[in-house]
Amino acid sequence: MKFLINLIKLYKIDLANNLNYILFRGDSIGYIVGNSGTILRSENSGNNWVTLNSGSTANLKSIWPLFDTLTVIAVGANGTILKSYDRGQTWVQRTSPVSSNLNNIISGFPMDLFIVGDQGKILYSMDMGESW
């Protein structure tokens, strides 16, 4: 059982997996990633969460919805890079140039993305995560 705190509200999510990262895009759309490929999405400011099927068993460490609001990228253990083109309904595994853990993803400009990971790894994409 995991708990999320949203200012004054406490939310309970019944999951066996650890949750590792939460991010909201704007006021209402939020994503959570966790162990064993766990990805959750909220469309109402965290009041309700839907489990998304990532198709992965990797421990996910970070997630980033791109500015087009459809594309979402999640990263995690052993170089895992997952990408969705439909707000997380379906996911595809992208080719990673590393096998070390990837810990965080962020964008610098609308199409530029950066990932940092173990052993000093820094990955860069200039095409919305199609190649690294």
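Because the model is predicted, local features need pLDDT of at least 70 and side-chain atom pairs count only at pLDDT 80 or more, while totals for chains, interfaces and linings use all residues. Residues are numbered from 1 along each chain as its sequence is written, and side-chain values use heavy atoms, with hydrogens and water left out.

Let's begin with the sheet. Four strands line up in the order β3-β4-β5-β6, forming an open sheet with antiparallel pairing. Strands here are DSSP runs of E with at least two residues, helices are runs of H or I with at least four residues, and both are numbered from the N terminus. Two strands count as paired if DSSP finds at least two bridges between them. At the edges stand β3 (19-25) and β6, each with a single partner strand, so one side of each has no neighbour in the sheet. On average, neighbouring strands of this sheet are turned by 25 degrees against each other, direction ignored. For that angle, axes are lines fitted to C-alpha atoms (for helices, over the stretch in contact), and angles run from 0 to 180 degrees between N-to-C directions. If you look at β5 and β6, you'll find them paired in the antiparallel sense over 3 bridges. Ile39 has Leu52 in β6 as its bridge partner.

Now for Thr38, which sits in the loop between β4 (29-34) and β5. Is Thr38 buried or exposed? Its relative accessibility is 6%, so Thr38 counts as buried. The scale works like this: buried means under 20% relative accessible area, exposed means over 50%, and partly exposed is in between, using a 1.4 Å probe and protein chains only. What does the side chain of Thr38 reach? It reaches the backbone oxygen of Asn35 at 2.7 Å. A polar contact of 2.9 Å also joins the side chains of Thr38 and Asn17. Polar contacts are pairs of N or O atoms within 3.5 Å; within protein, one must be able to donate a hydrogen and the other to accept it, and residues adjacent in sequence count only if both atoms are side-chain atoms. Leaving aside neighbours within four places in sequence, Thr38 has contacts (heavy atoms within 4.5 Å) that include Leu15, Leu19, Ile32 and Leu60.

On to the rings. A pair of aromatic rings is described by the distance of the centres and the angle of the planes. Rings of Phe, Tyr and Trp (its six-membered ring) pair if their centres lie within 6.5 Å; planes under 30 degrees apart are stacked, over 60 edge-to-face, and the rest tilted. By this rule there are 2 aromatic pairs. One is Phe24 with Trp49, an edge-to-face pair at 5.9 Å centre to centre and 70 degrees between the planes. Phe24 lies in strand β3 and Trp49 in the loop between β5 and β6, so the pair ties together parts 25 residues apart in sequence. Phe24 is partly exposed at 31% relative accessibility, whereas Trp49 is buried at 18%. Phe114 and Tyr124 form a tilted pair, at 5.1 Å centre to centre and 45 degrees between the planes. Here strands β12 (residues 113-117) and β13 are tied together, because Phe114 lies in β12 and Tyr124 in β13, 10 residues apart. Phe114 is partly exposed at 36%, and so is Tyr124 at 34%.

How many does a search of the whole structure find? There are 4, each being a side-chain nitrogen of Lys or Arg within 4 Å of a carboxyl oxygen of Asp or Glu. Arg87 and Glu43 meet in one of them at 3.3 Å, N to O. This pair links distant parts of the chain: Arg87 is in the loop between β9 (81-84) and β10 (92-93), and Glu43 is in the loop between β5 (39-42) and β6 (50-52), 44 residues apart. Arg87 is partly exposed at 25%, as is Glu43 at 45%. Arg41, Glu43 and Arg87 are linked in a network of salt bridges.

Glu130 meets Lys83 in a salt bridge at 2.5 Å, N to O. Glu130 is in the segment after β13 (122-125) and Lys83 in strand β9, 47 residues apart. Glu130 is partly exposed at 33% relative accessibility, but Lys83 is buried at 2%. Glu130 also forms a salt bridge with Arg94, with the closest N and O atoms 3.1 Å apart. Arg94 sits in the loop between β10 and β11 (102-107), 36 residues from Glu130.
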